[in-house]
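The following exercises concern a single protein chain. Please work through each task before reading its solution.

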Amino acid sequence: MNPYDPKTLEAEAQQYWAEHRVFEVDEDPARESYYCLCMFPYPSGKLHIGHVRNYTIGDVISRFRRMQGLNVLQPMGWDAFGMPAENAAIKNNVPPAAWTYQNIDYMRGQMKLLGFGYDWNRELATCRPEYYRWEQWLFTRLMEKGIAYRKTAPVNWCPVDQTVLANEQVIEGRCWRCDSEVERREIAQWFLKITDYADELLADLDTVDWPEQVKTMQRNWIGRSEGMEVEFEVPGQESLLVYTTRPDTLYGATFMAIAAEHPLALAAAENNPRIAEFIESCRKTNTSEAALEKMEKLGIALGIDAINPVNGERIPIWIANFVLMGYGTGAIMSVPAHDQRDWEFARKYGIKIRQVVAPSDGSAVDLEAGSFVTRDGRSCNSDILDGLDFAAAFESIATSMEAAGKGSRQVNYRLRDWGVSRQRYWGAPIPVINCEACGMLPVPEADLPVVLPEDVEFEGIGSPIKRMDSFKKVSCPRCGAEAERETDTFDTFMESSWYQERFSCPDQDQAMLDERAAYWSPVDLYIGGIEHAILHLLYARFYHKLMRDEGLIDSGEPFKRLLTQGMVLKDGSKMSKSKGNTIDPQELIDRYGADTVRLFIMFASPPEQSLDWSDSGVEGAYRFLKRLWAAIQQHVAVAAEPLSFTSDLLDEAQKAMRRKLHETIRKVSDDYERRLTFNTAIAANMELLNSVSRFADDSKPGAAIRQEIFDSMVLMLAPIIPHVCHRLWRDLGHDSLIIDHSWPMVDESALVRESIEMVIQVNGKLRAKIQIDADAGRASCEAAALANEQALRFIAGEPIRKVIVVPGKLVNIVV
């Protein structure tokens, strides 16, 4: 008997799949489609074990759905733009494009070694002009609709690298790469009006089969709130408009806070060096909400007052470092008694604190210890609102403010428009031409794509295309005068927001999408980490709606069902190079083979849960594959042809063995299709292998039953360990391709039991077990229990009070 040799048989299977183009798929209106997609990777150089888990889950499901007869699309591509390539270019003195394409080639090879059944004909890389030209085209259409627009906004600016930094790239106020002090700057940027779609993005969350945790995260990020826009007059100046969700606390507003970039602040700075210095210090503040929450709250008095519209009180205006001009109006009303941030600020600067909400139970509030934050209290010190709960107070003050023309009810959102421009090189160029006479114009469709030069000397100080006249200098498409291209590039979330649709027609060079998108879209199952719950998944939903409104697709959501797999842990913590606890998938493949890696990953944990890496678990998976291989090789070595049996003529042991098989098929089918618990599917097959190994029946029916069991086991395990099953299917005597074979069906007749075991209890304690006809009724069960000698011994002649029968399970005799 040949030993299990994963290196040889895996190479054979992969060669067969490639030569016969097994995973290439076409649209077939006569067949039901199934689109399974894993979040595509950034080509960083090598697959890590988290990638392997993600893509193994997707491949297992895709293969299973194909065996169910569905027309399955499983593509793969590369999210290829981004900062890591620029950093690698500096480190290795190689252009970002060359580094990226080299990594793609290596990682593609790793994926093929793992046996992932991708339709490589549909492969795409977002850094290729044939891909990003279409998002450039859509952007020009969005400019015409007014959905794409340009405005100034505060950003994190690295003065050394001459680029904008994401909030996550600012560490304790310094650039994550060069450690220089970060500044907050107002610069012109391009935005997409995602806020126009806020209500639809909220409502449509109810239409998708996503984890509730992800839906909640998106709802919170969109942050719909109902409140009021209130006008505070400023004598001698324009009024301040603020949005508040707590107009019931207006009587407690004792100061106003405005952003350092607010017009009132900038005007005051012209004649006040202290204010100018404070504003300059605010420019070094991170713009993220998380950073603003943690930092010390600082301010400076503006020297002028606003008028509280409900009581006419003059309240001071402060410039505060925690207010951003890009959020709302750049001004807020501050109620220190009922907001902890305002309380801390007021205590620091000696500002009045006035309680206007009291506990409903009448207890006292200690405002020396902190603010009192609740919506369950009742108004106090608030004139006509006193004694009212939140809802009644809101309604009362809103009605009176609207009647007085001092405010209006509004729905507001935490969500801000999507800033899509980046002052970096390695990204898709924004298709805009700036002309002094004509302004900002979209690049004409005939001139698309605007191709990013790839052969550049990248020094890391700003973007090289900003210094390339060959790229920048163009003629205005309207007047013909000298003009300049926009040198900002798109946020890389743009590319990853629509790739799922482009996989349907990656060879289409005349349109963004064609009719093939309607066949595949939306994605039936999308798989990726929960860390993408907000940005990527929200932007992809928004972009999908933009394409729908452009007439490119019909559906309103890109992903029907979402599976968020857990992370891979080792030694109880997340894997990282700094901790020295990473696992190299390539080393595992070389040592054990791809099937062992796949089997361990699917067996160690359900997809949604974290996976604790275990070297002994990998060894265990390898041992199981060798056992399975040996058992089947031993069977085929002695099995005679043809193998068959007649169900009615089987003995009890043979029937029990078949019943075990079909109970396993029923369970495993449910584990694959409904529960997505592949670990229990594997465990059931391991148990079945143990059972058939103990099935010592050398008769022809016995051999035929073993053949049925091994056929079914190989089919049930084929999506998880496809290479060895490809070979074992052939060894079991089949000429067909296993991946094209249908999923095993449950033989309901094999599940029928002629007799069952029932428990007999006396006063709730187990006293005996009996075999009884499976279709026995209550009376027969009761009679059999009362006639049992062991039960009678414990009844001991005592009067029987009642007999409880649970059909198919137990009889309890109460004496």
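A residue is called buried under 20% relative accessible area, exposed over 50% and partly exposed in between (1.4 Å probe, protein chains only). The model is predicted: local features need pLDDT of at least 70, side-chain atom pairs count only at pLDDT 80 or more, and totals for chains, interfaces and linings use all residues. Residues are numbered from 1 along each chain as its sequence is written, and side-chain values use heavy atoms, leaving out hydrogens and water.

**Exercise 1.** Determine how many disulfides the chain has, and account for C127.

Solution. Step one is the criterion: a disulfide is a pair of cysteine sulfur atoms within 2.5 Å. Step two is the count, which comes to zero by this rule. Step three concerns C127: its closest cysteine sulfur, in C505, lies 19 Å away, so the two are too far apart for a bond.

**Exercise 2.** Classify C127 and C781 as buried or exposed.

Solution. First, C127 has a relative accessible area of 1% and is therefore buried. Next, C781 has 4% relative accessibility, so C781 also counts as buried. Finally, for the chain overall, buried residues make up 54% of the 815 residues.

**Exercise 3.** Describe the fold of the protein chain by its helices, strands and contacts.

Solution. Begin with DSSP runs, where helices (H or I) need at least four residues and strands (E) at least two, numbered from the N terminus. The chain has 26 helices and 34 strands. Then take contacts, meaning heavy atoms within 4.5 Å. Among those between residues at least 6 apart in sequence, 71% join residues at least 24 apart. Last, the C-alpha trace spans about 105 × 80 × 50 Å along its principal axes.
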